[in-house]
Amino acid sequence: MIIYTESTSKDDLLKLNIVLEKEVKIGKGVKLHHGCCVQGDSVLEDECEIGNNSVITNSHIGKGVKILSSFVEVYISMKLLIFLKEIL
């Protein structure tokens, strides 16, 4: 797991197989776990946590939300603290 900051390098992300597309906006204190992929027009607000092997596409993940091993796409907005588990 890595806590993303402005100084996080591509090498740091690659070591954990984390994919972040350049369009993605990331807040402060976001935790990214091994194998996660955030793509498209996605926003991760402050203190989010994206779990192992999760795929987030074109989505807005609200402050403090935890996504655990899930697939989220097509402009889903999550503003409350929720837990999604193994949707696939």
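Let me start with Val55, which sits in strand S8, where a strand is a DSSP run of E of at least two residues, numbered from the N terminus. This is a predicted model, in which local features need pLDDT of at least 70 and side-chain atom pairs count only at pLDDT 80 or more, while totals for chains, interfaces and linings use all residues. Residues are numbered from 1 along each chain as its sequence is written, and side-chain values use heavy atoms, with hydrogens and water left out.

Val55 counts as partly exposed because its relative accessibility is 23%, given that buried means under 20% relative accessible area, exposed over 50%, and partly exposed in between, with a 1.4 Å probe and protein chains only. Val55 also lies 5.9 Å from Val38, C-alpha to C-alpha, although 17 residues separate them in sequence.

Strand S8 covers residues 55–57 and also holds Thr57. Is Thr57 buried or exposed? Thr57 is buried, because its relative accessible area is 12%. Its side chain makes a polar contact of 2.8 Å with that of Gln39; a polar contact is a pair of N or O atoms within 3.5 Å, and within protein one must be able to donate a hydrogen and the other to accept it, while residues adjacent in sequence count only if both atoms are side-chain atoms.

Now to Glu49, which belongs to strand S7, residues 49–50. The side chains of Glu49 and His33 are joined by a polar contact of 2.6 Å. Leaving aside neighbours within four places in sequence, Glu49 is in contact with Lys31, His33, Val65, Lys66 and Ile67, where contact means heavy atoms within 4.5 Å.

Technical notes:
Helices (H or I, at least four residues) and strands (E, at least two) are DSSP runs, numbered from the N terminus.
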